[in-house]
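Visitor: Can you walk me through this model? I have a few quick questions.

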Amino acid sequence: MFAVEVRDHVMIAHSFKGDLFGPAQKLHGATFVIDVAFFRKELGPEGVVVDIGRAHEALKATLGPLNYQNLDELPQFADQNTTTEFLCKHIFDAMAQAATSGALGPGSEKIAKIRVLIGESHVARAWYEAELAG
């Protein structure tokens with residue numbers, strides 16, 4: 001399986017509900033480093049998995065509305081603990097939509113799997129990955 005990965009980052013603030021989260025129940029900030037990997041069984045006729053430039057632009061477009069925001073105040077996350085795992089799936093859904101809609105360029109419909117990994121600190125990270133239908 002071939003893969004291409006793009007990376008960006010986002011700076012956010014948020015808080016969590018529930019005793020499980022201890023001090024993270026209070027408002028706190030985070031700088032997340034996001035890696036998105038696109039997997040394909042065969043290279044396209046151009047010899048690539050996906051257009052890296054378009055993939056990076058799609059990631060930046062997904063992260064833009066989150067950057068420098070308090071996620072607790074965004075309507076799409078109302079009453080949601082915006083954990084790293086949750087955000088991985090949120091970003092995955094946007095990247096999957098970009099792939100299946102053709103926004104990543106010719107051949108993006110042949111992407112077999114996407115993995116979104118978020119590094120939340122130098123000691124912790126989470127990811128979500130799934131195959132794409134098709």
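Guide: Let's start with a charged pair. Arg115 and Glu129 form a side-chain salt bridge, 2.7 Å from N to O. The term means a side-chain nitrogen of Lys or Arg within 4 Å of a carboxyl oxygen of Asp or Glu. Arg115 sits in strand S4 and Glu129 in strand S5, 14 residues apart, so the pair links distant parts of the chain. Strands (E, at least two residues) and helices (H or I, at least four) are DSSP runs, numbered from the N terminus.

Visitor: Before we go on, what kind of model is this, and what are the ground rules?

Guide: It is a predicted model: local features need pLDDT of at least 70, side-chain atom pairs count only at pLDDT 80 or more, and totals for chains, interfaces and linings use all residues. Residues are numbered from 1 along each chain as its sequence is written, and side-chain values use heavy atoms, with hydrogens and water left out.

Visitor: Back to the charges. Which side chain meets Lys113 in a salt bridge?

Guide: Glu129, at 3.1 Å from N to O.

Visitor: Which residues of H2 are buried?

Guide: Thr84, Leu87, Cys88, Ile91, Phe92, Met95, Ala96, Ala98 and Ala99. Their cover includes strand S2 (28-40), H1, S4 and S5.

Visitor: And what follows H2?

Guide: Gly102, with a positive phi near 90°.

Visitor: Which non-glycine residues have a positive phi?

Guide: Tyr68 has one of about 60°, and Asp79 also has one of about 60°. Tyr68 is in the loop between helix H1 (52-63) and strand S3 (69-70). Asp79 is in the loop between S3 and H2. Tyr68 is exposed at 60% relative accessibility, and Asp79 is exposed at 74%.

Visitor: New topic. How many residues has the largest nonpolar core?

Guide: 35. Such a core is a set of buried Ala, Val, Leu, Ile, Met, Phe, Trp, Tyr and Cys residues joined through side-chain atoms within 4.5 Å. Those with the most contacts inside it are Ile34, Val36, Phe38, Ile91, Leu104, Ile114 and Val116. Strand S1 (2-14), S2, H1, H2, S4 and S5 each give two or more residues.

Visitor: Which element gives the largest share?

Guide: H2, with eight residues. In soluble globular proteins, nonpolar side chains tend to be buried together.

Visitor: What is Ile114 in contact with, beyond its sequence neighbours?

Guide: Leaving aside neighbours within four places in sequence, its contacts (heavy atoms within 4.5 Å) include Val36, Phe38, Phe92, Met95, Tyr128 and Glu129.

Key:
Buried < 20%, exposed > 50% of the residue type's maximum accessible area, 1.4 Å probe, protein only.
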